[in-house]
Amino acid sequence: MASGLDPVPLALTRQKTDPAWKHCQMYKSGDKVQLKCLYCGKLFKGGGIHRIKEHLAGHKGNASTCLRTPADVRQQMQQSLDGVVAKRRRKQKIDEVISTINPQTSNEEIDTFAAQSDANGKASSPIRVAELDFVEVHSESADPNLNSYINQEGGVNKSGVRRKRARGKSIPATPEGVHLSGMALSMKRVNSHIDTAVGRFLYDIGASLNAVNSVYFQPMFDAIASGGPDVLPSTYNDLRGPILKSVLEEVKNDATKHTAAWGRTGCSLMVEQLNTEMGRTFLSFFVYSPEGTVFLKSVDATDFVHSSDILVEVLKQVVEEVGVKNVLQVITRGEEQYMVAGKNLMDIFPTLYWSPCAAECIDLILKDFENLEWISAVIEQARSITRFIYNHAVVLNLLRRYAHGNDLIEIAGSRSATNFATLKRMVDLKPNLLAMVTSQEWVDCPYAKKQEGLELLDYANNESFWSSCNLITRLTSSLMRLLKIVSCGKRPALGYVYAGMYKAKEAIKKELLKREDYVAYWDIIDHRWERHWSLPLHAAGFYLNPKFFYSIEGDIPSEIISGMFDCIERLVADTKVQDKIIKEINLYKSSAGDLGRKMAIRARESILPAEWWSTYGGGCPNLMRLATRILSQTCCAIGSKRNLISLDQIHESRNCLEHQRLSDLVYVHHNLQLRKVDNVGGSPMDPISFESRNLVEDWIVGKDLSVEEYSSSDWMVLDPPSVSPPLLGAATGETEDLDTGFNDLEILNRLKDGEDDNVEDNAAN
């Protein structure tokens with residue numbers, strides 16, 4: 001659509017402060033300027049930035065609605081539009097005030113306008129002016145002094161907004177009048193005062209600045225504001241006593257709602273191993289169900305973490321605590337002692353499975369890929385680019401302007417995932433990086449003449465480097481997608497993991513073509529994933545997911561059917577019910593009854609598989625119950641994102657009362673953190689922040705780099721990262737494109753080089 005236009009990289013200058021500028025691209029066609037939506041690609045030949053904003057906000061009338069705008073961006077645009085309306089109304093109120101001014105004072109010389117308030121914000125003296133010029137002042141540039149609204153000469157203010165003059169008039173000193181002027185003009189001053197107080201508090205206690213991204217931060221502000229001027233701060237003893245008790249009861253009541261669903265959908269017991277700075281090892285136990293994840297407790301396992309015999313006893317105790325009938329699987333790490341303990345646990349409880357953590361396994365596969373010599377070399381070249389950019393404020397500011405607020409570095413859940421996510425981000429931002437290094441701004445930048453700057457220019461124009469980055473991205477994109485699927489706490493992942501790994505191997509095969517090339521990567525996958533291929537739950541999850549089941553061409557592989565049969569025998573104790581399920585499977589195969597309705601066929605793609613069964617599986621009640629329980633499970637043992645409260649404190653506490661209090665505090669902390677899975681908020685993490693160091697250190701710090709080498713860099717001139725940068729590319733679901741055929745026998749049978757002389761012929765047939 002934009003062909004024939006000369007693209008102009010959009011630099012967010014001071015004149016372009018409207019938030020909508022970050023979500024569109026400017027083009028020139030002759031003397032005319034046109035704007036293009038970054039999400040749907042629609043080109044606007046007129047209407048300016050306001051029309052783009054209405055387009056992003058979903059307003060019909062002046063512009064069509066953008067269907068690909070992220071929800072947070074749409075909300076931001078709506079708030080901006082609401083702000084414009086509020087300013088217009090405020091201006092109308094000001095005009096109304098002017099119209100009520102006493103005309104008898106029009107010829108008098110009156111003192112300059114001054115708004116004086118007492119401690120409660122009430123006017124203490126009349127407000128009179130000789131000449132008032134009321135202007136619309138944007139909050140971003142408002143002067144904290146009330147004289148921002150006053151100018152003896154009239155005309156146009158600094159931002160180019162024409163002012164309205166009212167000579168020789170006075171404004172009554174009413175509380176409404178003070179609110180009309182004082183609140184509108186001192187917004188930034190008030191916010192600055194509050195922000196400084198918040199900052200001073202966090203700096204004093206040494207808390208993580210990421211605390212402001214908590215979903216409870218704004219509610220805390222709202223609660224304090226609702227208390228009025230007489231509100232008193234919480235005391236130390238209040239927080240350790242009645243407040244903790246109140247929140248503990250709240251969290252326990254919330255957990256009780258989850259436990260009520262365990263009998264209906266089943267649940268997965270997740271065991272996460274945490275190693276502390278003091279060298280101790282703790283096991284944290286979580287319970288997952290579609291209702292959410294609940295933290296149970298942490299156990300000091302320092303003395304027995306390598307003993308499978310003791311591990312199985314600990315696991316047995318927790319399973320009995322949750323309820324043997326409720327637990328379908330226990331998920332742990334994949335080390336030998338956990339595997340032995342897991343198999344012994346299956347012998348003790350014949351109605352559950354042990355599973356190694358799928359997220360950990362995929363991350364190990366990515367790490368093995370990363371260690372391949374050619375991939376490691378490309379990653380190191382890419383890091384040389386980001387190390388230079390992220391250690392110079394001027395260069396980083398320039399990049400973020402040309403990248404529309406996006407960073408080159410993308411933070412993921414682990415170091416290996418971050419490496420491949422960042423390579424993908426760099427490929428997506430290649431045009432922006434090229435535009436930056438070929439701009440006049442870069443030519444004039446003193447860093448462009450430095451050795452690192454010249455190397456940046458070389459890499460930006462090195463097609464061989466970008467071709468390698470593209471290839472790595474294509475080889476790993478399906479694995480990265482699968483990692484997101486299994487790590488997501490919102491969607492039960494068990495019904496997707498088998499198909500996801502199939503697609504990962506298929507993508508590698510299609511990319512490399514030659515068997516001797518792609519089988520090397522398959523061997524890496526099979527080495528790490530072997531235990532998962534043989535898991536009956538994964539096979540049954542694939543079989544019972546209608547999205548995949550009905551997309552298979554030909555016969556279903558025997559190992560998938562065997563996995564389904566194994567789950568029936570293990571998870572259903574009653575043999576009569578087992579026989580009924582086998583009969584109902586035939587109804588599932590033939591899409592009999594409600595399973596074959598047009599609504600049900602459409603819903604295979606649009607709703608979760610467990611929900612599909614509960615909606616349309618009434619004709620197969622026994623199979624429906626089993627399918628719902630299997631498809632409601634996760635594949636990941638990682639229950640929490642971070643642990644801010646030191647578990648070492650509990651271990652070191654020898655007082656029984658304090659030990660119990662700290663244990664309850666950890667319980668509250670974990671479960672409040674788990675609530676965020678369904679309510680993620682806050683700004684994205686800055687790659688150079690201290691909190692990100694464990695994931696991105698290799699991308700922002702050189703191996704032999706000392707801070708003194710960059711002593712000339714000044715963080716104070718660094719522009720803050722964009723709060724909600726535009727997404728790169730069209731947003732698609734993580735499980736889309738997983739249903740396009742499962743007929744490659746070489747993948748399904750996991751054949752390796754030398755196992756079958758006719759493998760290529762069989763795959764072709």
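A salt bridge is counted here when a side-chain nitrogen of Lys or Arg comes within 4 Å of a carboxyl oxygen of Asp or Glu. Helices (DSSP runs of H or I with at least four residues) and strands (runs of E with at least two) are numbered from the N terminus.

The structure is a predicted model, in which local features need pLDDT of at least 70 and side-chain atom pairs count only at pLDDT 80 or more, while totals for chains, interfaces and linings use all residues. Residues are numbered from 1 along each chain as its sequence is written, and side-chain values use heavy atoms, with hydrogens and water left out.

Seen as a whole, the chain contains 31 helices and 13 strands. Of its 765 residues, 46% count as buried, where buried means under 20% relative accessible area, exposed means over 50%, and partly exposed covers what is in between (1.4 Å probe, protein chains only). The accessible surface of the chain, computed by the Shrake-Rupley method with a 1.4 Å probe, comes to about 39500 Å², and 51% of it belongs to carbon and sulfur atoms. A contact means heavy atoms within 4.5 Å, and among the contacts in the chain with a separation of 6 or more, 67% are between residues 24 or more positions apart.

The side chains of Glu-605 and Lys-547 meet at 3.0 Å, N to O; since Glu-605 lies in helix α24 (residues 598-606) and Lys-547 in helix α21 (residues 546-549), they tie together parts that are 58 residues apart in sequence. Glu-605 is partly exposed, with a relative accessible area of 46%, whereas Lys-547 counts as buried because its relative accessibility is 7%. Salt bridges that share partners also join Glu-380, Arg-383, Arg-387, Arg-415, Glu-697 and Asp-698 into one network. In the other example, Arg-425 and Glu-410 form a salt bridge of 3.4 Å, N to O. Arg-425 lies in helix α13 (residues 415-428) and Glu-410 in the loop between α12 (393-402) and α13, so this pair ties together parts that are 15 residues apart in sequence.

Lys-580, which lies in helix α23, counts as partly exposed because its relative accessibility is 47%.

His-538, by comparison, lies in helix α20 (residues 536-544) and counts as buried because its relative accessibility is 3%. Leaving aside residues up to four places away in sequence, His-538 touches Leu-494, Val-497, Tyr-498, His-532 and Cys-635.
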